[in-house]
Number of protein chains: 2
Amino acid sequence: MPAIHLETIDRTLKTPLYLQIAEQIRMQISDGRLPVGTQLPTVRELAALLGVTRLTAQSGYRELQSGGWIESTVGRGTFVIATTDTDAVRAMVGHDHSPDQVMRDISRLARLTGLRSMAYAEPDAALWPGADFMRFFQHPAANDSALMQYGSAQGDEMLRVELVTLLAARGVAATPDDVIVTSGVMQGLSLVTATLTHPGETVLVEQPTYLGMLHVLSSYGAHAVGVPVDDGGVQLDALEAAIRQHHPRFFYTMPAFQNPTGVCLAPERRARLLALAEQYDLYLIEDDIYGALAYDSKPEPALRTLDPDGARIIYLSSLSKVLIPGLRIGYMVVPPHLREAILYRRQAMDLSGPPLLQRAAAHFLHRGRFKPHIERVTPKYRERRDELLRVMAQRMPAFARWTKPHGGFSLWVTLPAGCAPLDLHHRALMHGIAFTPGEAFMVEPDGQTHLRLCFGGLQPELIREAITILGRLLEPGAARSPVRLRAGVDERPVV
Amino acid sequence: MPAIHLETIDRTLKTPLYLQIAEQIRMQISDGRLPVGTQLPTVRELAALLGVTRLTAQSGYRELQSGGWIESTVGRGTFVIATTDTDAVRAMVGHDHSPDQVMRDISRLARLTGLRSMAYAEPDAALWPGADFMRFFQHPAANDSALMQYGSAQGDEMLRVELVTLLAARGVAATPDDVIVTSGVMQGLSLVTATLTHPGETVLVEQPTYLGMLHVLSSYGAHAVGVPVDDGGVQLDALEAAIRQHHPRFFYTMPAFQNPTGVCLAPERRARLLALAEQYDLYLIEDDIYGALAYDSKPEPALRTLDPDGARIIYLSSLSKVLIPGLRIGYMVVPPHLREAILYRRQAMDLSGPPLLQRAAAHFLHRGRFKPHIERVTPKYRERRDELLRVMAQRMPAFARWTKPHGGFSLWVTLPAGCAPLDLHHRALMHGIAFTPGEAFMVEPDGQTHLRLCFGGLQPELIREAITILGRLLEPGAARSPVRLRAGVDERPVV
């Protein structure tokens, strides 16, 4: 029997046995224990070895075959075919870690066979209410030709009615007239930046912050200054100092489950943040995109609830993280005196979003599908967050520190200067692990190494596997055992 | 029998008899011949009067009832209930004719009961392949979770493959890699303006031109200078003079079936336009959105065909006019050296469009549904264009001139200074007729009165009716007989 060493499979796990088999073999290919050309046991041998049925062993191999890791030829046997094509991967990956370059690298690598990606702060495709959602395209939309017409720049009226309910769940009192539907939070951030800033003007952001916002600011020529974040969110003394120094147009913040750190603004900081905005006549841009994804206690309501006139805070959220990213449906509530200016720019940007999708989303929400969906996915994401924290504690070196997110999809790792290989990002990709290097989220480097690890998209087993490999890469003198990665064609945004 | 005078109905028309009855009565309500409170004949009387069945007469009344024009009460009879609520209409309509204000006015009035709108350069909702299109949401999309993911900024790959075929039909040779999918031509224009201009810089546009482009330019702070258009498109001597004087960043042009005039760039002007662009190192922005809607001979291929390197022309088109506006699917082919910059800005603008809609459109095109659709709608639009030209010749005053469009949806009327009431736009709305005042399309007024009349959205009978009323309003001392208009809530963009 060919040389292979498999740990006993665990019948108490929810993961099907064939997937456990596939994962173990995949991991050994990844880390070089099973080099290319290794002959694997026959299905009969594998079944006997593990005490599983032949069907299970067969299914495990089929999984690996469809992933491009192994090949079975009748009469010859089953072989590892993953090649050590590190040059191809290196060629695909850029050599600087600027937000744009990292966005491009990870986009290019997004569909690599067998990549365990913790790079995207996004929901798991397997948990989307896809088929259920598609049903809402049928009866109402098919025959309402108004939905095939140009829509209003503000967005479908029925959808705005439903979004009022989502807003209320976050404590935000609004009428449908107050709501502007956008093409994701990204368009909202674009509209805000275009409306409130001129090229060369300064805005404040958290450090680290959402890399998409850094992209928006750069594209509009705004100058970003970062204000440090700790476990209680943005540091207010530093914020006040930055306001005094830079006279910014606005401060962009994610008070709930911040991307990339996962932290929340501490309750005792909320009132003072508002007071600072008042005192220095500053807009607060509140990005609440993860607000509904709470895994422990109920989160604080939106910051916007502290601003009853709504004159100080521009509130943004989206269905991308809580429902389906590809709908490209975000929404915003803006100060009344900015409404016309924002709608004017939105109309110039793309006239309107697609009414058909907006109405389908409206029906989905109207039929009460949102809450059960959140209740269904919350325990899944909590389980992944828990597993990530558990494995981190076991596998990360002593010098590493990380945040303890209570919601959202992101965990932020900090390694002191000199404690991580310079090319950690590249090495991890060679082992089939993707994360987002912290530099992408920083306005300026702080001398430490940071990693954003996203746990939303991976099964607990894969999280365990990825962190185990990552832990090994952080050990001094870790081996470099490259793995073959096959490139896809799509470029997707990093979120 | 109550006083009513109906012309004989025409059994040779394709329009059903009951609709002819409803239209005649509606028109008499509109122009004041049947004031509010007028009692109409009973169904039996009406049937006898016109020599139709009672069912037909009844259906005519039902049509008017559902439009809010008349009311039937058992035992009392049928009465005109449209009120002379001119104050409400006046309140809804602004007092300046700037592009933005006109866009708002017409949007607000768009769903007024009984409005005969020639204000939108858009396809007829009744001709959309709506149900056929919706079918493509079912099998492929429902189970492909990749389509619910964030898409690439460049657009769905399968759609780009299909768009290459549409481009080829206009003579444009491109590969899927060359194509960028946008949220309508509008987003393409936004991207071009954001990428190529800084605030305060000058660009050249045709005079008149697409009002959405004026909106884009204003929103990015670009300075627009208009170059006159005649029956052969832009006047090249004037263009060259403007280039020398203003050193513009680009010239925006619609060589095929221009909006709002419907004219095409004369074949003999094409080569010189390209030569001018070369000579003065200028980009040409070619908006070909109406290019596939030709009603007479085959139109010239896109201007882009004269620029084989594709370094000089940014080509834009869309599915909005030829398929379904609400899909918000446009596309562009840009010079290779601008591609990255445009994609960078697109990603900052909204990350990506909705892959679900893009893929459904791809399937629709892939299954060969586009060509039969165009072949089905072309004769309809031709018939409307023909009817418009016929009625214009009969009903317009001698001092009016107008273009003879060979495609697209727009016809451009010019009235010498002093020959039209100052408030023609308002008066027409009071009579239930909407057009777009020419000022909306002009960078600066030229002292004449212009009207854009769009024929795509109205049946020939309604075109005849609208032009008849318009002709009357242009007669000296035309009566002002206001009509009740009921407002909808939606605001739609004027296109």
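Helices (DSSP runs of H or I, at least four residues) and strands (runs of E, at least two) are numbered from the N terminus. This is a predicted model, in which local features need pLDDT of at least 70, side-chain atom pairs count only at pLDDT 80 or more, and totals for chains, interfaces and linings use all residues. Residues are numbered from 1 along each chain as its sequence is written, and chains are lettered from A and ligands numbered from 1 in the order in which they are written.

## Chain A overall

Chain A contains 17 helices and 17 strands. Of its 495 residues, 52% are buried (20 or more other C-beta atoms within 10 Å of the residue's own; 12 or fewer is exposed, in between is partly exposed; C-beta atoms are placed from the backbone). Two residues are in contact if their C-beta atoms, placed from the backbone, lie within 7 Å. Among contacts in chain A between residues at least 6 apart in sequence, 76% link residues at least 24 apart.

## The A–B interface

Chain B contributes 50 residues to the contact and chain A 50 residues. On the chain B side, H6 (130-135), H7 (139-142), H9 (184-196), H10 (211-219), H13 (339-350) and H14 (355-366) each supply at least two residues. H13(B) gives the largest share, six residues. By class, this side of chain B has 27 nonpolar, 16 polar and seven charged residues (nonpolar: Ala, Val, Leu, Ile, Met, Phe, Trp, Tyr, Cys and Pro; charged: Asp, Glu, Lys and Arg; polar: the others, Gly among them).

Chain B superposes on chain A by a rotation of 180° with 0.0 Å of shift along the axis, at an RMSD of 0.2 Å (least squares on C-alpha atoms of residues with pLDDT of at least 70 in both). This is the relation of a two-fold axis. The copies meet through the same surface, because 100% of the interface residues of chain B are also interface residues in chain A.

A:Ala348, A:Met349 and A:Asp350 meet B:Gly184, B:Met186, B:Gln187 and B:Ser190.

Within chain B, H8 (157-169) and H14 pack at about 40° with axes 8 Å apart, so H8(B) and H14(B) are oblique to each other. In H8(B), B:Met158, B:Leu159 and B:Glu162 make the contact; their partners in H14(B) are B:Gln358, B:Arg359, B:Ala361, B:Ala362, B:Leu365 and B:His366. These residues comprise five nonpolar, two polar and two charged.

## Backbone exceptions in loops

Most residues other than glycine have a negative phi, and most peptide bonds are trans. A:Leu351, in the loop between H13 and H14 of chain A, has a positive phi near 65°. A:Leu351 is buried, with 27 other C-beta atoms within 10 Å. A cis peptide bond joins A:Gln207 and A:Pro208, with omega about 0°; A:Pro208 lies in the loop between S6 (202-207) and H10 of chain A.

The loop between S9 and H12 of chain B holds B:Phe257, whose phi is positive at about 55°, and B:Pro260. The bond from B:Asn259 to B:Pro260 is cis, with omega near 15°. B:Pro260 is one of the residues in contact with B:Arg452, which is found in strand S17 (449-454) of chain B.

Methods. Axes fitted to C-alpha atoms, helices over the stretch in contact; angles between N-to-C directions. Parallel < 35°, antiparallel > 145°, perpendicular 65-115°, else oblique. Lists of a residue's contacts leave out its neighbours within four places in sequence.
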